[in-house]
Amino acid sequence: MPNASLVSLLPIKSATRSKTAPVTVVGFIELARGSPTLGYAQTALLLRFSEPVKARCEGASRRGRHTGFVYLDAMRIGNLEIDSPVRLAPMAGVTNASFRILAKECGSALITSEEIDATGLIRHTEKSEQIAVFHPTERPLAMQLLGNEAESLVEAAELLQERGADIIDINMGCPMPKITKTGKGSALMRDVAGTALILRALRRSCEVPLTIKIRGGWDRQHLNAVEVAQMAESEGVDAITVHPRTRSQRFAGRAPWEIIRDVVEAVDIPITGNGDVTSYGQAEQMMTETGCVSVMIGRGALGNPWVFNPDYEGWNLDSQREYREKTIARHMELIHTFYPEGRYSLLQVKRHLSYYTRGMSTARECRRTLFTECDTPDEAWTTFRRFWDAA
Ligand SMILES: Cc1cc2nc3c(=O)[nH]c(=O)nc-3n(C[C@H](O)[C@H](O)[C@H](O)COP(=O)(O)O)c2cc1C
């Protein structure tokens with residue numbers, strides 16, 4: 001008998017959500033109110049849960065309040081099973097190995113590299129090679145490519161596969177003019193037929209799962225996420241991440257989650273939703289409202305990597321603070337481990353410590369001191385701790 005006193009599942013409202021998930025159950029979880037008895041069907045469902053899923057049930061129950069619908073299923077992309085549905089979004093200049101490992105340790109089961117220019121990678125430019133560096137503990141790791149020519153994308157994807165990429169992800173969402181004017185990023189969404197040929201070539205050569213990350217469309221007049229998703233599915237793409245803003249919106253305005261739901265309803269492959277999520281609870285809400293099987297968090301993870309821990313929101317303030325302190329110290333340790341002391345590591349330390357000041361009443365003063373008075377990572381850390389301890 002599973003540990004019935006921890007949770008009660010009331011009632012199982014829907015037994016199917018995704019054809020691609022290993023455990024296809026959506027439950028309504030609440031703290032057991034002195035009634036540890038589970039019905040036959042619920043016990044049978046619990047017995048089917050894998051260990052990580054059980055852990056999530058227990059985490060949810062510890063919050064001591066209704067959590068609404070909670071998706072209990074892990075996610076499968078191709079042959080890869082991903083235990084936790086809430087994960088780190090790729091962010092150029094931010095999601096390097098140290099931040100990815102930190103996110104993973106906090107609970108992001110799948111992490112993605114920042115965008116790597118395919119042409120740069122096959123030419124082995126210093127910048128591309130730096131971005132492509134990863135540590136074996138990061139796996140399973142999705143590595144993201146930026147490009148608009150089948151040949152270079154295929155060659156770059158093969159290179160990344162040989163190095164250990166578990167998923168090849170194609171960036172079809174970058175809105176920056178310097179990228180789109182070369183036909184890359186979200187510009188791929190303007191040429192659906194041409195992009196189909198690129199994905200076909202990649203599908204033929206990729207042995208690992210192939211995924212894409214798209215936007216809602218080019219602009220308000222060209223909202224074609226559904227068309228692009230259907231094309232991608234028919235070309236054999238294994239999963240899609242949808243950031244529903246258009247290219248012209250960049251990051252402004254509200255992310256229209258309805259577009260994620262439209263894509264979920266239009267295809268059978270797993271959809272990851274993305275946009276404006278800043279807490280685990282909101283990620284669950286996005287899954288509930290759109291039916292996506294997983295959620296990527298980008299800006300909401302900056303200075304807030306504990307967002308990937310399903311238990312965090314349920315802890316008391318002291319436990320949360322203790323966890324945050326440990327996580328920040330671990331982040332500094334990871335930066336120190338991965339990057340030799342110098343300009344890059346100092347910038348990383350200052351940038352992330354300044355993110356960690358969010359919510360502190362002295363945040364502005366702490367950030368100013370970090371950037372104007374600290375010349376070494378140690379000085380930056382001591383300064384941060386001084387403000388942190390006083391907060
Ligand atoms: C600084 C920054 C860099 C980004 N770099 C990438 C990237 O390399 N690849 C990509 O697919 N998306 C990139 N994005 C987009 C994010 O992955 C995500 O789609 C976007 O931030 C919206 O999600 P959020 O509201 O959770 O931040 C970047 C976003 C930011 C803010």
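Select Ala 150 to start: with 19 other C-beta atoms within 10 Å, Ala 150 is partly exposed. Ala 150 sits in helix H6, residues 150-163.

**Whole model**

Zoom out and colour by pLDDT. This is a predicted model. Mean pLDDT for the protein is 84, and 81% of the residues reach 70 or more. Select residues 1-73. Here pLDDT stays under 50, and the model has 119 contacts beyond four places in sequence for this stretch.

Switch to cartoon. The protein shows 15 helices and 14 strands. Of its 391 residues, 46% are buried. Take the contacts between residues at least 6 apart in sequence: 68% of them join residues at least 24 apart.

**The core**

Which residues touch the most other members of the largest nonpolar core? Select Ile 168, Leu 202, Ile 240 and Ile 297; the core they belong to has 93 residues. Next, select helix H3, residues 97-106. Helix H3 gives the most to this core, with 6 residues. Then colour domain 2 (76-308) and domain 3 (339-391). The core draws at least three residues from each of them.

Stay with Ile 297. Show Val 86, Leu 88, Ala 89, Val 277, Ala 283 and Val 307. Ile 297 touches these six residues, not counting those up to four places away in sequence.

**Around the ligand**

Centre on the ligand. Around the ligand are 22 residues, of which Ala 89, Met 91, Glu 115, Gly 298 and Arg 299 come nearest. Ala 89 is also one of the contacts of Ile 297. Colour the shell by class. It has 8 nonpolar, 9 polar and 5 charged residues.

**Backbone stops**

Most residues other than glycine have a negative phi, and most peptide bonds are trans.

Select His 124. Its phi is near 55°, a positive value in a residue other than glycine. His 124 lies in the loop between helix H4 (118-122) and H5. Is His 124 buried or exposed? His 124 counts as exposed, because it has 10 C-beta neighbours inside 10 Å.

Move to Arg 139 and Pro 140. A cis peptide bond joins them, with omega about 5°. Pro 140 is in the loop between helix H5 (126-132) and strand S9 (141-146).

Go on to Asp 276. Phi is positive here too, about 70°, although Asp 276 is not a glycine. Asp 276 is found in the loop between strand S13 (271-274) and helix H11 (280-290). It has 19 C-beta neighbours inside 10 Å and so counts as partly exposed.

**Last stop**

Select Glu 333, in helix H12, residues 317-338. Why does Glu 333 count as exposed? It has 12 other C-beta atoms within 10 Å, and a residue with 12 or fewer is exposed. Finish with a distance from Glu 333 to Val 349. These residues are 16 apart along the chain, and their C-alpha atoms are separated by 9.9 Å.

Key: Residues are numbered from 1 along each chain as its sequence is written. This is a predicted model: local features need pLDDT of at least 70, side-chain atom pairs count only at pLDDT 80 or more; totals for chains, interfaces and linings use all residues. A nonpolar core is a set of buried Ala, Val, Leu, Ile, Met, Phe, Trp, Tyr and Cys residues joined through C-beta atoms within 7 Å. A residue is buried if 20 or more other C-beta atoms lie within 10 Å of its own, exposed if 12 or fewer, and partly exposed in between; C-beta atoms are placed from the backbone. Helices (H or I, at least four residues) and strands (E, at least two) are DSSP runs, numbered from the N terminus. Domain bounds come from an automatic or database domain assignment. Two residues are in contact if their C-beta atoms, placed from the backbone, lie within 7 Å. A residue is near a molecule or strand if its C-beta atom, placed from the backbone, lies within 6 Å of it. Ala, Val, Leu, Ile, Met, Phe, Trp, Tyr, Cys and Pro count as nonpolar, Asp, Glu, Lys and Arg as charged, and the others, Gly among them, as polar. pLDDT is the predictor's confidence in each residue, from 0 to 100.
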